[in-house]
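Thanks for coming. I will take a few minutes to walk through one structure, starting with the whole chain and then moving to a few residues.

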Amino acid sequence: MQRFNSIIFIFGISLLCVSANYSQSKTEPQINKVFNADKNKTAFYLEVIPIPKNSKKFAVGGVFEAEGEKPSKMPCCMTIVFTSIGKKNFDYEDDHKVTFWADGEKFVFDDTTWKESNEATAFVLSGIAFPEEVWIGMKTEEFLKIANAKVVKAQVGKFKFTMTQQQQSGLMALSKQILDSKQR
């Protein structure tokens, strides 16, 4: 879990910022790669991709960290992140259990991390918006099953949805980065 917490810290601001700026007309998922020489680790992250016509700007992204500048070993763990912007309050603060159904196989994550999005305090205090994030850490093998499924349904708290083609393409692109590191 400590690995997930460091990833959360590093990329929390980035994911929220790109959520606000992501264009729904974009067809190619954006995978960013950041090397930290001090830690000798490279982080790969998928910019969050929103569900079209969703009033809460609910979006899906992901991140993983691997050893070295050109990782040659598949990482043990992976994180999927959901972002949302509530209009009256936080929607997932009290209920952030996550379930995925990937081609019918069920994955339940009770131990998720909820947080108010970084840089959101002024919005929250003024009551303008309630940006929040739910982070789901999982074994890489679980992520690969979810990312490469033909149909993925998810539930975050009480909110149920089917991942869009763009979101699935993004998760598949991130899984390709994982598999490429395994093949080096």
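Before the first value, a definition: accessible areas here come from the Shrake-Rupley method with a 1.4 Å probe. On that basis, the surface of this chain comes to about 9,500 Å². Carbon and sulfur atoms account for 51% of that surface. Please keep in mind that this is a predicted model.

Now the overall layout. The chain has 184 residues, and 49% of them count as buried. There are four helices and 10 strands. In sequence order the pattern reads α-β-β-β-β-β-β-β-α-β-α-β-β-α. As for contacts, take those between residues at least 6 apart in sequence: 67% of them join residues at least 24 apart.

Which residues have the most contacts inside the largest nonpolar core? They are I80, F82, F100, M138, F143, I146 and F161, in a core of 37 residues. A second, separate core has six residues, among them A59, V63, V81 and W135.

Let me stay with F100 for a moment. Leaving out residues up to four places away in sequence, F100 touches I80, F82, M138 and I146, among others.

Now a glycine, G170. This residue lies in helix α4, which covers residues 165-183. Is G170 buried or exposed? G170 is buried, with a relative accessible area of 0%. Setting aside neighbours within four places in sequence, G170 is in contact with P29, I31, L46 and I49. There is also G62, 108 residues away from G170 along the chain, and the C-alpha atoms of the two are separated by 8.6 Å.

Last, two backbone angles. Most residues other than glycine have a negative phi. K53 is not a glycine, yet its phi is positive, at about 55°. K53 sits in the loop between β2 (41-50) and β3 (59-67), and K53 is exposed, with a relative accessible area of 84%. D103 also has a positive phi without being a glycine, in this case about 50°. The loop that holds D103 runs between β5 (98-102) and β6 (105-109). How exposed is D103? D103 is partly exposed, at a relative accessible area of 48%.

That is the tour.

Definitions and conventions:
Residues numbered from 1 in each chain as written. Predicted model: local features only at pLDDT ≥ 70, side-chain atom pairs only at ≥ 80, totals over all residues. Heavy atoms only, no water. Helix = DSSP H or I, 4+ residues; strand = E, 2+ residues; numbered from the N terminus. Buried < 20%, exposed > 50% of the residue type's maximum accessible area, 1.4 Å probe, protein only. Contact = heavy atoms within 4.5 Å. Core = buried A, V, L, I, M, F, W, Y, C linked by side-chain atoms within 4.5 Å.
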